[in-house]
Amino acid sequence: MSTGQVRIRVPEKAKAGEVVTVRVLVTHPMQALEFQGGKPVVKKYNFIHKVEASYNGKPVFEAETTQAVSQNPLFVFPVKVDAPGVVRVVFHDTEGNSYTG
């Protein structure tokens, strides 16, 4: 998987009023240092610093993270469904890139 690929896992079926668990994985190196020859040379912070999720256009989850989050982070959060709809998750990194799933 290349950087920025987002995988979302939600139940196929849910009844109105039910709370479902959303699992989202994003591929990202979450770099805190740049390495050359196995030795750190430059502080190069490139990590996911913000996660935003919406369900049918309404915000349902938001998180701000630090460089302490592991490579290829997995986020899990509940969503109460009220009708058929779409979950959209956007990840923002410190280099200004956004990854949507």
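Student: In which strand is S54 found?
Tutor: Strands here are DSSP runs of E with at least two residues, numbered from the N terminus. This is a predicted model, in which local features need pLDDT of at least 70, side-chain atom pairs count only at pLDDT 80 or more, and totals for chains, interfaces and linings use all residues. Residues are numbered from 1 along each chain as its sequence is written, and side-chain values use heavy atoms, with hydrogens and water left out. On that basis, S54 belongs to strand β5.

Student: Is S54 buried or exposed?
Tutor: Buried means under 20% relative accessible area, exposed over 50%, and partly exposed in between, using a 1.4 Å probe and protein chains only. Contact means heavy atoms within 4.5 Å, and leaving aside neighbours within four places in sequence, S54 is in contact with P59, V60, V86, V87 and R88. With a relative accessible area of 15%, S54 is buried.

Student: How are the rings of F61 and F77 arranged, stacked or tilted?
Tutor: Rings of Phe, Tyr and Trp (its six-membered ring) pair if their centres lie within 6.5 Å; planes under 30 degrees apart count as stacked, over 60 as edge-to-face and the rest as tilted. The structure holds two aromatic pairs. In this one the centres are 4.4 Å apart and the planes are at 5 degrees, so the pair is stacked.

Student: Which of its two members is partly exposed?
Tutor: The pair links distant parts of the chain, with F61 in strand β6 and F77 in strand β7, 16 residues apart. F77 is buried, at a relative accessible area of 2%. At 21%, the partly exposed member is F61.

Student: And is the pair of F75 and F91 stacked or tilted?
Tutor: F75 is buried with a relative accessible area of 12%, and F91 is buried with 0%. Their ring centres lie 5.7 Å apart and the planes are at 45 degrees, so the pair is tilted.

Student: Which residues make up the covered face of β2?
Tutor: In a regular strand the side chains alternate between the two faces of the sheet. The uncovered face of β2 has V19, T21, R23 and L25. The covered face has V20, V22, V24 and V26.

Student: How many bridges join β2 to β7?
Tutor: β2 also pairs with β1 (residues 6-9), in the antiparallel sense over four bridges, and V6 stands opposite V26 there. On the β7 side, V20 stands opposite V79. β2 and β7 run antiparallel, and the number of bridges joining them is seven.

Technical notes: Two strands pair if DSSP finds at least two bridges between them.
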